[in-house]
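Please look over the model shown below before reading the notes on its architecture.

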Amino acid sequence: MLWGALLVLLVAIPLSYAQESTFTGLTIPPGPAFNVAPQFGGSLPRGPQVAADELLPLSMQQAIQLGLANNLGLLLSREGIESARGQRWVELSRLLPNLTTSASVHRLKESLAITGISVPGVPSVVGPFNYYDGRIFLTQRIFDLEAIERTRAAGHEVAAASYSEKDARELVVVAVGAAYLQALTAEARVQTVGAQLVTASTILDRAVELHKAGVTPGIDELRARVEVLARTQQLIVAENDLAKQKLTLNRMIGLPVGEEVTLTDQAPFEPVLVLPAPELITRALASRDDYQAAERLVKAAESTHAAALAQRLPALVLDADYGSTGLTLSTMKETYHIVGSLKLPIFEGGRIHGEVLRAEAQVKQRRDELEDLRERIEYEVRTAILDMQAAARQVQLATKSTELAETTLAQAQERFAAGIDNNLAVVQAQQSVAAAHEAELSSLYQHNLAKLLLARAVGGSDAAVFGGK
């Protein structure tokens, strides 16, 4: 079901990579690779655990579900939403009533002379005396366009953060899927090299028998032994690579690094019918969450610019307080003040002008980023389609090459066993089979990864795995 869902996805991020086989010296043509920000390579280790002597069965869907629960990049993105919401509340507080309260006790001794009060028979200094005061203070902005626009900007940033979290979710799906595919490829490589080692050992046994019988020279046995050693070394490298790929996968999905897992899915070759590029590009612009986030950031920048301009406009503010005051607690009387103010800045040393210039630059920057992202999405879709088509052809050719190389090896073995030829042709045929298998594994990995990246480019990798849920 998982791979069937991936096949209907039409969807890529920038790809660049050339792999050189450590087994045969074969250079694999450039193909798709997946690179993500460093935080997507980490996680919080809180996945399931099994006993030390057991293996944890792990399918690709289970790995992705663990990644969506534990991957560090997605967790940080979710915290970004909370941060944006917090900032929105900060801006919104400027439009909401602000209430405070206070209670105070005062003891004073005042000089009437310094106030210009002089009454015959009255001392120039009065007191000491006490008075008590308790009240509630209210501040309400009746109209403040700057505060309104800044609240709007904060709202757009919350929406952008929400879209970014959805985009991070898709990145986790693709990153974990790519890591799972790499582990599957490493596992298949171990099996392939192991089979090659068995073949080389069988040929060595035959070479020893023929040499003892005096049918073939010692050089044939020597060549066979060298081939066995070479395949043994390759198996060590392949097993080490598989172990590291599983460690990488564990780090991404929140399993303890030392947890032993067994991969339960396979990565078969299933060709995909890709829709025309213009249709996929239109779909990508409508569904890519990073593009939606970029649009919201443009709106946020525009609202910030409007807020900077609005600082030159008047703001209507209401200030009021209500409470009781008196010389003693028993004689406190009700008092209140209500003040309506119209505030208009006249000169602030160029601060407003500077903020307007900065906001204008940010609007232009956000619009340029949006336009660049639009072009990049088209580039990603078109390159993903090319990678998909090229990888499919590579798989078909690599499969035919493997079949021919295995046929050649079988014929060379028959000739050697019959004493018609030495085992030089057998060793060469073995090397050709190893190269063909490596090319087949690499092309199969590239094709399955290209499908996943095509889903990412169009914006549907998450729906691919979970059926649109």
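What follows is a short report on this predicted model.

## The chain as a whole

The model is a predicted one, and its secondary structure comes to 10 helices and six strands. Of the 469 residues in the chain, 43% are buried. The chain exposes about 24300 Å² in total, and carbon and sulfur atoms supply 58% of that area.

Four strands form an open sheet in the order 2-3-5-6, and their pairing is antiparallel. Strand 2 (98-111) and strand 6 (333-343) are the edge strands, each of them pairing on one side only. Direction ignored, neighbouring strands of this sheet are turned against each other by 25° on average.

Strand 3 can be followed through its pairing with two other strands, namely strand 2, to which it is joined by 13 bridges in an antiparallel arrangement, and strand 5 (residues 315-326), to which strand 3 (residues 125-143) is joined by 11 bridges, again antiparallel. Individual residue pairs show how these strands line up: the bridge partner of Ala103 is Gly134 in strand 3, while the bridge partner of Tyr132 is Gly326 in strand 5. Phe143, in turn, stands opposite Leu316 in strand 5. As a general point, the side chains in a regular strand alternate between the two faces of the sheet.

## Helix 9 and its setting

After the helix comes Gly459, whose phi is positive, near 100°.

## Ser443 within helix 9

Is Ser443 buried or exposed? This residue, which is found in helix 9 (residues 424-458), has a relative accessible area of 4%, and because the cut-off for a buried residue is under 20%, Ser443 counts as buried. Leaving aside residues up to four places away in sequence, Ser443 touches Ala391, Gln394, Val395 and Ala398. In general, an α-helix has 3.6 residues a turn, so residues three or four places apart point the same way.

How values were computed. Residues numbered from 1 in each chain as written. Predicted model: local features only at pLDDT ≥ 70, side-chain atom pairs only at ≥ 80, totals over all residues. Heavy atoms only, no water. Buried < 20%, exposed > 50% of the residue type's maximum accessible area, 1.4 Å probe, protein only. Contact = heavy atoms within 4.5 Å. Pairing = 2+ DSSP bridges. Axes fitted to C-alpha atoms, helices over the stretch in contact; angles between N-to-C directions. Areas by Shrake-Rupley, 256 points an atom, 1.4 Å probe, with all protein chains shown as cover.
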